[in-house]
Amino acid sequence: MKKETFVIGVDYGTDSVRSIIVNTTTGEEIATAVHHYARWKKGLYCNAAESVFRQHPLDYVEGLTETITNCLAQVGKLVAENIVAIGVDTTGSTPVAVDATGTPLALKEAFAENPNAMFVLWKDHTSVREAAEINQHAIKFETNYLQYVGGIYSSEWFWAKLLHIIRNDDAVKQACVSWVEHCDWIPFMLTGGNNIKELKRSVCAAGHKGLWSEQFNGYPPNDFFTSLDPLLDGYVQTLGDTTYSSDKSAGTLSKEWASKLGLNEDVVVAVGAFDAHMGAVGGQIEPYHLSKVMGTSTCDILVAPTADLEDKTVKGICGQVTGSVIPGMLGLEAGQSAFGDTYAWFKNMILSPIKEMIEHSDAIKHDEAEQLIKELSDQLITHLSNKAALLPLNEDDELALDWFNGRRTPDANQYLTGSIHQLNLGSTAPSIFKALVEATCFGAKRIVDRFISEGVPVNGLIGLGGVAKRSPYIMQVMADVMNMPIRIHKSEQTCALGAAMFAATAAGVYAKVEEAMKYMGQGFEGAYYPNESRKAYYEKRYSQYIVAGNFTEIHAPNNK
């Protein structure tokens with residue numbers, strides 16, 4: 001009888017990290033643990049008004065240790081002894097400055113409280129100027145180095161962030177030897193890496209955010225970067241030319257980490273990747289079906305046989321990279337910079353003054369105040385959803401734009417801002433919430449329309465993530481706006497499950513990740529179908545959204 005084996009999937013999100021232990025034969029998740037980043041939770045190193053979002057590497061290290069040891073405590077020694085691999089996904093592009101050993105500078109005493117020495121989170125938009133310069137610079141070259149990232153470089157990505165940091169912090173510039181994505185650093189750390197030249201970089205991160213392409217035989221040459229700014233001299237040479245898909249091993253656990261976690265040193269650590277790409281695998285993506293990971297932002301993933309799109313590039317998306325999702329297939333990425341974040345902003349705006357009043361009330365005890373605030377916070381979005389679902393659908397209802405954190409795709413532009421139109425004295429919290437939900441769904445439709453207009457069919461939608469699982473009103477609006485069904489995957493943890501599938505493949509349990517998807521996948525729990533009676537309403541509203549968006553874009557700061 002074949003021995004049961006297990007793998008660990010680690011999913012680093014914006015607010016927390018989650019680890020799961022999965023049976024490689026059945027896909028059963030037998031343990032799960034979550035850690036909320038302590039420093040991030042306090043709002044340290046961030047300034048939302050200026051789009052500064054930094055995360056301390058200690059948050060990542062502490063979260064990794066706590067969640068894995070917590071999971072192991074749930075399952076006992078026998079399972080721990082039969083864990084064969086660990087897979088890791090992270091947000092991205094979330095890079096950090098490192099020294100020659102590959103150590104993030106913030107882990108060194110001199111930089112421990114310097115935000116510029118920390119991970120620059122995906123939604124940090126401080127490098128909008130640098131991204132614009134890269135776009136202007138790229139057109140000067142005979143080779144179009146932006147053709148495989150949609151033709152527009154974003155401030156959410158690797159090179160723009162690197163340039164911004166070294167321009168604005170000389171101490172970091174002097175100490176920095178290279179830059180590393182979060183998804184590449186965690187496997188490097190777990191395997192005891194101490195030489196930046198030996199770090200295995202993922203094709204997912206390098207291809208979608210770092211301008212690496214097999215068509216260029218690597219990255220753009222050094223003179224592409226030095227002619228942009230001499231400060232970039234030599235950085236590309238620290239990255240190497242080889243990248244790896246996540247079915248490959250980054251090494252095995254170091255003695256230190258094996259001891260710290262309570263695992264064997266022969267546990268394989270898979271090459272990392274971004275959360276949505278592994279989430280698409282965990283959600284059992286199919287060719288030409290758009291996998292939508294819906295959380296604080298959305299990341300939309302589509303896979304296609306490489307031969308189908310051999311000579312085609314899709315404008316305005318976040319890249320098309322062979323092997324970034326399923327090895328051997330082309331992975332195409334798009335997404336929205338704010339999705340759940342839009343709803344969270346509205347919730348916090350409503351609750352903030354109420355919270356302050358409750359906290360300062362002499363009539364409510366401290367413990368009672370905390371409980372009341374928690375209950376209000378937990379229930380508000382559900383309450384707004386229920387009320388919004390009952391509202392009549394009128395073409396002159398409040399209308400919103402979803403660019404509260406800029407626009408990721410189609411056509412990245414982080415200068416853009418969100419807005420709410422057609423307000424009046426009868427506007428209510430549910431009616432404004434309805435407008436925000438419609439806006440996020442209209443933004444999603446713009447992505448589908450771009451794929452289709454560029455000759456890439458979208459034959460179905462797959463919903464993944466917290467919003468997809470727990471927000472029926474939002475998902476119904478999504479199906480209505482898209483005018484196509486959206487299937488919802490059973491797994492609560494598709495990103496971590498995808499990481500586990502890659503771990504099983506890297507360890508040799510399965511020859512291909514497609515096999516891991518087949519045997520470890522959990523299937524779908526249901527679907528939302530469009531309501532034909534609402535089709536005309538949403539078509540009219542969508543056209544209004546486009547008109548409002550065009551007006552806003554014309555008057556955006558970068559167009560003045």
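I will begin with an open sheet of three strands, whose order is β4-β5-β8 and whose pairing is antiparallel; helices (H or I, at least four residues) and strands (E, at least two) are DSSP runs numbered from the N terminus, and two strands pair if DSSP finds at least two bridges between them. This is a predicted model, in which local features need pLDDT of at least 70 and side-chain atom pairs count only at pLDDT 80 or more, while totals for chains, interfaces and linings use all residues. Residues are numbered from 1 along each chain as its sequence is written, and side-chain values use heavy atoms, with hydrogens and water left out.

Strand β5, residues 52–55, is joined to β8 by two bridges, the two running antiparallel, and glutamine 55 stands opposite phenylalanine 119 in β8.

Turning to ring pairs, the structure holds 26 aromatic pairs, counted for rings of Phe, Tyr and Trp (its six-membered ring) with centres within 6.5 Å, planes under 30 degrees apart being stacked, over 60 edge-to-face and the rest tilted. Phenylalanine 339 and tyrosine 343 form an edge-to-face pair, 5.6 Å centre to centre with 70° between the planes. One aromatic cluster includes Phe141, Tyr145, Trp159 and Trp179.
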